[in-house]
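I opened this structure to look up a few things for myself. My notes are below, in the order I took them.

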Amino acid sequence: MIKLSPINNKKVWEKFIENYSGHKTFLQSWDFGQILKEEGYPIWRFAILNKKGIVGIIFLYKISAKRGTFLYAPHGPLINENELTERTKNTLIKSSILSIIKFCQQQKVDFVRINSLLPNTITNISLFKEIGFKNAPLFVFTENFWLVDISKSEEELLKNMRKVHRYSIRKAIKDGVTIVTSQKPSSLNGFYKIYLETAKRHKFTPYNYSFLKNEFKIFARNNQVLLFFSRYQNTNLSAAMIIFYQNTAYYHHGGSLSIFSKIPASYLLHWEIIQEAKKRGCTSYNMWGIAPPNKTNHPWQGLTFFKTGFGGSYYECLPTQDYPLTKKYWLNYLIEKVRKYKRGYA
């Protein structure tokens, strides 16, 4: 018997995530929930319980739009599958998801959207399909990651990079590029200018300033965020907002200017990020999303070439899953299908 029980204690929540051995990201952290709460989203945090106690957690928030309202689980739920047989594991996941759906029905939303970190396997696809889910037309947060194991020595990390990346790091140093970091709120203005120009150039929808300001402010309370800037001739050429959470550094936001295009400042920027992450005791650098391997015309191909050149491995999550609750869901489905096509993700 599975049931959901509200969690109002940050220590209990974070302790579960700390002990959780599966894939996880900062999107299920307590502080990320606080960011969304400050942005005005209704949020819920639940323990997933069986007779033995807490077997999982789920963070949900409500997104309201004219085309449909839904509850969304970013990179969750996290369900402890340790030492379970395949059959028992699937039963636990299924029962947990059904409990989540029941709660969402009570909130009278049009659908449920789950962006799970479970691997994209036939078993997991079938499990969600049996419940009644379908692949979402669009994702809110990335469905795959490029992960760099930074527990290795700096020599090994450089050796595992693409040759052009090693060369570009050395060239940036020779050209006089420097890397500066900041945790000052005032530095966010400079970061945002670079970020907006990048969004315009690459035609993606940027986060608003309020969201980034709250994200920076809340993670800065525990020294878990840092802004990195690459500088050349007194000009910031590229920037990154890095979140440090439970032994992993996350490249969540970033950008670059188109000036001085022959100066490989971004290569040195990420090499410095890796070194800072190692100093903080991180063992992994999550460079966030890349293009799926089978999508050669994907708009992220250039970004993918850049990220994969640092060495590492690809992790593909289960595609974002939707569970329709009302007929209005299909209006949202059609609108997002068109958006996916226009963005070149199809």
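These entries go through a sheet, some helix packing and a few single residues.

**Entry 1: the model.** I note at the start that this is a predicted model.

**Entry 2: the open sheet.** I looked up the strand order. Seven strands form an open sheet, and I read them off as β9-β10-β11-β12-β13-β8-β14. The pairing is mixed. Which strands stand at the edges? They are β9 (178-182) and β14 (313-316). Each has a single partner strand, so one side of each is left without a neighbour in the sheet. From one strand to the next, the twist averages 30°.

I then picked out one pair. Strand β12 (residues 248-256) and strand β13 (residues 284-286) are parallel, paired over three bridges. I checked Tyr-250, and its bridge partner in β13 is Asn-286. Next I asked what helix α8 touches in the sheet. I found β9, β10 (225-232), β11 (235-245) and β12. The direction of α8 makes about 55° with that of β11.

**Entry 3: α2 on α8.** I turned to the helix partners of α8. Two packed helices are described by the angle between their axes and the distance between the axes. Helix α2 (residues 30-38) packs with helix α8 (residues 209-220) at about 140°, and the axes are 9 Å apart. That angle makes α2 oblique to α8. The crossing of α2 past α8 is right-handed.

I listed who makes the contact. From α2 come Asp-31, Phe-32, Gln-34, Ile-35, Leu-36 and Glu-38. From α8 come Phe-211, Asn-214, Glu-215, Lys-217, Ile-218 and Phe-219. By class, I have six nonpolar, two polar and four charged residues in the contact of α2 with α8.

**Entry 4: α7 on α8.** The axes of helix α7 (residues 187-202) and α8 come within 11 Å. They cross at roughly 135°. The two helices are therefore oblique to each other. I looked up the hand of the crossing, and α7 passes α8 in a right-handed one.

On the α7 side, the contact uses Leu-188, Asn-189, Phe-191, Tyr-192 and Tyr-195. On the α8 side, I found Tyr-209, Leu-212, Lys-213 and Phe-216. The contact of α7 with α8 divides into seven nonpolar residues, one polar and one charged.

**Entry 5: Thr-320 and β15.** Thr-320 lies in the loop between β14 and β15 (321-324). Is Thr-320 buried or exposed? I find it buried, with a relative accessible area of 0%. I set aside its neighbours within four places in sequence and looked for contacts. Thr-320 is in contact with Arg-113, Ile-114, Asn-115, Lys-134, Asn-135, Ala-136, Leu-138, Phe-139 and Glu-143.

I followed the chain on into β15. Strand β6 (residues 111-115) runs antiparallel to β15, joined by four bridges. Phe-111 stands opposite Pro-324 in β15. Strand β7 (residues 134-135) also pairs with β15 in the antiparallel sense, over two bridges. There, the bridge partner of Lys-134 is Asp-322.

**Entry 6: Leu-4.** I finished with Leu-4, which sits in strand β1 (residues 3-6). What does Leu-4 touch, not counting residues up to four places away in sequence? I have Phe-46, Ala-47, Ile-48, Ile-58, Ser-99, Ile-100 and Phe-103. I also looked up Leu-4 against Lys-213. They are 209 residues apart in sequence and 32 Å apart in space, C-alpha to C-alpha.

Technical notes:
Residues are numbered from 1 along each chain as its sequence is written. This is a predicted model: local features need pLDDT of at least 70, side-chain atom pairs count only at pLDDT 80 or more; totals for chains, interfaces and linings use all residues. Side-chain values use heavy atoms; hydrogens and water are left out. Axes are lines fitted to C-alpha atoms, for helices over the stretch in contact, and angles run from 0 to 180 degrees between N-to-C directions. Angles under 35 degrees count as roughly parallel, over 145 as roughly antiparallel, 65 to 115 as roughly perpendicular and the rest as oblique. A crossing is left-handed if the near helix is turned anticlockwise from the far one by less than a right angle, and right-handed if clockwise. Contact means heavy atoms within 4.5 Å. Ala, Val, Leu, Ile, Met, Phe, Trp, Tyr, Cys and Pro count as nonpolar, Asp, Glu, Lys and Arg as charged, and the others, Gly among them, as polar. Two strands pair if DSSP finds at least two bridges between them. Buried means under 20% relative accessible area, exposed over 50%, partly exposed in between (1.4 Å probe, protein chains only).
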